[in-house]
Each structure stands twice: as C-alpha cells, then as structure tokens.
Amino acid sequence: MKFKNIIFAATFIGIFINAYAQNNDEKVLAQIRAEGFLNSQVMSMLEELTDVYGQRLTGSREYLAAATFMSNKMKALGLQKVHFENYCNNCRGWSMKSFNVEMTAPNFMHINAYPLAMSKSSQGIVEGEVVHIPSFRDMASVKKNYSGKLNGKIVLAGSVPTNKPLNEDVLKRYSNEELKKMEDKLVPKTRQTPLPELFKSWEESDKYDQDALKFLEAEGALAVLKSRSMLLGVLHPDGTYYYKINDYKPLPYFTIMQEHFGRLARMVKRGVTPKIRLNLETEFYNEQGNNVNVIGEITGTDSKLKSETILIGAHFDSWHSGTGATDNGASSVVLVEALRILKAIGYQPKRTLKMGLWGGEEQAFLGSAAYARKHFGKLDEKPNNASKKISAYLNLDNGAGAIRGMYLQKNELARPVFQNVFVPIANLSEGTLTIENTLSTDHVTFDHYNIPSFQFIQDKLTYNNVTHHTQLDVLEYVPEEDIMKNAVILAWTIYSLSEMDSKVPRKVTD
Ligand SMILES: [Zn+2]
C-alpha cells in the first residue's frame with residue numbers, strides 16, 4: 001500500500017513538474033513574442049545605425065563611431081561586461097571625401113560610379129581619353145601591347161559584362177519544395193577548407209590585380225574603371241583587399257554601371273574615343289583603435305551552468321557604398337534586440353549569453369578569428385578548455401530575410417536539439433534542418449575549434465542580385481516583419497539552449 005502510494009506520489013509529482021516545465025516554456029515564449037512583436041525596437045535601431053552612422057568599412061572611423069553607438073545601446077539595455085576587443089594591429093583606415101566621374105566627349109554623360117575601397121586620390125580634377133584593355137590574364141602581352149600608350153589615359157579594364165536576365169524574380173523566398181529538398185539531403189555537398197589553409201589562399205588571391213594596377217600606374221594612367229554584371233544599374237564596389245598598413249595603394253579605381261561601361265567600350269571599338277573627367281578624394285590613416293569587436297553578455301545565474309556560454313555573433317563591418325543594412329546591419333541589430341527581449345521579460349539565464357559583433361569579416365573573418373585565437377587558442381593547436389565551455393555558437397549573416405531553419409553544419413547530433421527548438425514556434429518558421437554546411441562567414445571560425453556552430457537558413461529576398469556589397473544595401477530592402485520575427489526566433493533559440501540540461505553535442509568528427 002505504502003509502496004503504491006509512493007509510486008502514485010512520484011508519478012503525480014513527475015506529471016506536475018512536466019506540466020510546470022511545459023507551462024513555464026509556454027509562458028516565456030508568449031512573453032518573448034509579446035515583447036518582440038508589440039514593443040519591437042529592432043527597426044528603429046537599424047534605422048539609426050544605417051541612416052545616421054552609415055557605411056562601416058573595416059578600420060574606418062565610421063566603423064568605430066557605429067561600434068560606439070551599438071555598445072552604448074547595449075549598455076543602456078542593461079547588458080553586462082560590454083566592451084571592445086581589438087582584432088587587428090596592422091589594418092589601415094580609409095575614408096571617402098568626394099568623387100565624381102563624367103564623360104565629356106563625344107558629348108556629356110554623368111557616369112554612375114563608385115570608388116573601390118583603398119583607392120588613392122586623383123591629382124584634383126583630371127581628364128583623359130579612354131583606352132579599353134579587355135583582359136589582364138596574360139600580363140606579358142598586356143605589357144607588350146600597351147607600354148608607352150597609357151600616359152594620361154583612363155583605362156577601361158576587363159571585358160564588357162553581359163546583362164543579367166530580367167525575367168527572374170528579384171525578391172526570393174524559399175518555396176516549401178526547396179526547403180524539403182534541403183531537409184532531405186543526406187550528404188553535405190559543400191566542401192569546407194580547413195581554416196588555416198583558407199586564410200593562406202586568401203592572402204594570395206586578395207592581391208590578384210596588383211600587378212596590373214602597378215603596371216597601369218607606372219605607365220601614367222590616371223584612373224581605372226571596371227564593371228560587373230548586375231541588374232539595372234546596380235554597382236558592386238566591394239574590394240580591393242589591400243587593407244593592411246603596408247599594402248599597395250591602388251591608383252584611382254572605380255566600378256561603374258555596366259550599361260555605361262558597355263557604351264564606352266562600344267565607342268572605343270567603333271573608333272570613337274570618349275573622354276572622361278573625374279576626381280577622387282580619399283584619406284588613409286593608421287588608427288588601430290578603430291579595429292574592435294563589440295562584446296557584451298547577460299551573465300548566467302545557475303551556480304553550475306553559468307560558466308558555460310551560448311555565444312551568438314554577427315559581423316558588424318560592411319563595404320563602403322551602401323549603408324550595410326542587409327550585410328550585416330540587420331543581423332547585428334537582431335542580436336541586440338534578441339537580448340533586449342530576454343532582458344525586458346526579466347529572464348535570468350542559467351548559462352551565460354554572450355554576443356559578439358565582429359569586424360573585418362569582409363576581409364578575412366578578422367574579428368571572429370582574433371576573438372577565437374585570444375579565447376580558444378591558436379588556429380593550428382588543439383582547442384583549449386575554454387572552448388569546451390561554449391555550448392553553441394549561432395551566427396547570422398544571410399541578409400535580412402526571415403529565418404526558415406538551420407544549417408546543421410554536418411552535426412547530426414544537433415538535429416534533435418533544434419527540432420525541439422523549432423516545434424513550439426512552428427507558426428513563425430518552418431524550422432527546416434539541413435545537414436548541409438554553409439560557408440563564407442564567421443561560424444566557420446568557431447566550427448574550426450569544434451564548437452557546435454550554426455548559421456540560420458534565411459530567405460534571400462534581394463540579397464544576391466541587388467543588395468549584397470552594392471550601393472543599394474540600404475534600409476529600403478529590409479522588411480520590418482522579417483527582422484522582428486528573426487529577433488523573436490533568436491531570443492527563443494537562445495532561451496531554449498540555455499535551459500537545456502546539457503550542452504549542445506559536439507559533432508562526430510570525421
Ligand atoms: Zn556579410
């Protein structure tokens with residue numbers, strides 16, 4: 001009888017605890033949703049960041065001003081241990097002051113142009129005839145054909161870009177079929193290059209145009225204009241990658257709209273020589289204090305678990321022509337908003353919730369790599385014990401589109417973890433889980449240290465054909481509902497991971 005009672009009592013208590021746990025999760029989710037959808041600050045923060053602070057090129061004064069704004073915001077929201085950590089001691093700063101490019105003959109046309117990062121100033125307003133050099137692949141023949149012919153000229157560099165088809169959808173969201181295909185994938189197809197090897201290959205590929213630029217400058221060319229196949233006049237002025245203090249400084253170097261490039265090149269071919277008048281004023285500086293990651297946290301409260309961390313990150317730097325709204329201002333602000341929501345509902349996390357806004361991602365994951373080296377050990381050594389205290393790293397860097405699921409980054413053991421995360425928010429996100437790797441951003445750094453590292457699947461919207469690294473990377477292409485939703489999903493994901501009994505499992509290494 002007694003025995004039976006004990007079983008009865010234990011069962012009852014068990015049910016009670018389960019019901020309590022479930023109700024508590026439901027209550028927290030309802031609070032997160034209310035705070036994130038009814039009191040959202042995400043768009044207002046992004047508006048101030050992008051409109052007032054603007055572009056955030058690595059190493060620039062604009063980057064530091066924006067980082068200071070964000071860190072003040074984080075402090076005001078009650079985040080703890082908000083501070084900067086330097087990520088580079090030999091990265092130079094560069095800012096634009098003024099530029100203009102015009103065709104003056106055979107008649108007038110204003111040219112839609114933007115200088116490439118790290119270009120030198122012109123000698124005031126300069127004017128010269130156009131020479132078109134369609135390829136630089138064989139530098140020996142370029143030198144043979146153009147030596148002595150470029151003094152005072154403006155060089156049109158590269159072949160004429162082909163038009164992008166205009167009948168494709170400009171704004172893209174994943175269809176259910178596409179998501180199912182991602183989820184059904186059994187074998188990840190994307191090959192991940194080991195990080196040290198990747199960094200080494202970039203050091204070489206970053207300087208791909210140096211020989212050509214040095215030759216043109218030595219021959220007395222005034223400026224170089226290049227272009228790229230884009231939709232409807234969009235400019236794509238990202239590189240150059242000459243971002244270190246002692247790197248080469250290119251002569252005035254612009255990207256111009258492909259339609260203008262085409263007109264100039266066709267005239268040259270026809271034997272009509274256009275003239276270009278331009279000026280460019282830029283500034284270089286050596287201010288290593290601009291190269292900072294922004295770090296902050298909500299310290300954990302469970303005596304055993306607070307030494308463990310859920311780390312979330314997004315790169316904060318951008319290229320210089322747009323305002324970096326979709327790459328990666330929106331995601332940076334979503335991280336802050338997710339932690340703001342958790343603070344606002346009074347959530348006391350078991351584990352420590354830490355965020356990092358990384359600099360220098362566009363160059364070579366400079367910010368995340370410096371953070372990882374400092375805290376988790378050298379790239380080519382075994383990850384240290386501190387790395388084992390990181391339960392998971394979550395990264396956001398796929399534009400401003402709604403979260404549709406997660407790339408598991410070859411970590412099959414994480415599938416049940418994220419299934420549990422996404423089930424209660426099924427009406428916010430499909431929660432597609434794909435075993436696939438996604439590459440080219442900061443989670444790759446933490447994955448190298450065998451920290452379970454993930455990047456969310458997001459709708460592409462106009463990222464690939466309009467905003468990514470272009471002058472149109474601006475607030476107009478960020479839908480408010482998508483980023484409100486992303487902040488709610490992120491807050492819920494962080495909460496769920498922080499409440500787990502154990503850390504997110506490490507992947508079975510291959
Ligand atoms: Zn990015």
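Q: What makes two strands pair in this predicted model?
A: Two strands pair if DSSP finds at least two bridges between them. The model is a predicted one. In β3, Met-109 is the bridge partner of Met-103. Three residues form the link in the hairpin that joins β2 to β3.

Q: How do you know that strand β2 and strand β9 pair?
A: DSSP must find at least two bridges. Strand β2 (residues 93-105) and strand β9 (residues 275-285) have eleven, in the antiparallel sense. So the pair qualifies. Phe-99 stands opposite Leu-280 of β9.

Q: Why does His-315 count as buried?
A: Buried means under 20% relative accessible area. His-315 has 0%, so it counts as buried. Asp-327 has 3% and is therefore buried by that cut-off too.

Q: How do you know that helix α11 is mostly covered?
A: Of the eleven residues in helix α11 (residues 366-376), eight are buried. Among them are Leu-366, Tyr-371 and Phe-376. Just after α11, Gly-377 has a positive phi of about 105°.

Q: Why do β1 and β15 stand at the edges of the sheet?
A: The open sheet of eight strands has mixed pairing and runs β1-β10-β12-β11-β13-β16-β14-β15. β1 (80-86) and β15 (432-434) each have a single partner strand, so one side of each lacks a neighbour in the sheet. On average, neighbouring strands of this sheet are turned by 25° against each other, direction ignored.

Q: Which strands of the sheet does α11 touch?
A: α11 packs on the sheet and touches β1, β10 (292-298), β11, β12 and β13 (390-395). The direction of α11 makes about 135° with that of β12.

Q: How many bridges join β11 to strand β12?
A: Seven bridges join β11 to strand β12 (residues 352-358), and the two run parallel. Leu-311 has Lys-354 of β12 as its bridge partner.

Definitions and conventions
Residues numbered from 1 in each chain as written. Predicted model: local features only at pLDDT ≥ 70, side-chain atom pairs only at ≥ 80, totals over all residues. Heavy atoms only, no water. Buried < 20%, exposed > 50% of the residue type's maximum accessible area, 1.4 Å probe, protein only. Helix = DSSP H or I, 4+ residues; strand = E, 2+ residues; numbered from the N terminus. Axes fitted to C-alpha atoms, helices over the stretch in contact; angles between N-to-C directions. Contact = heavy atoms within 4.5 Å.
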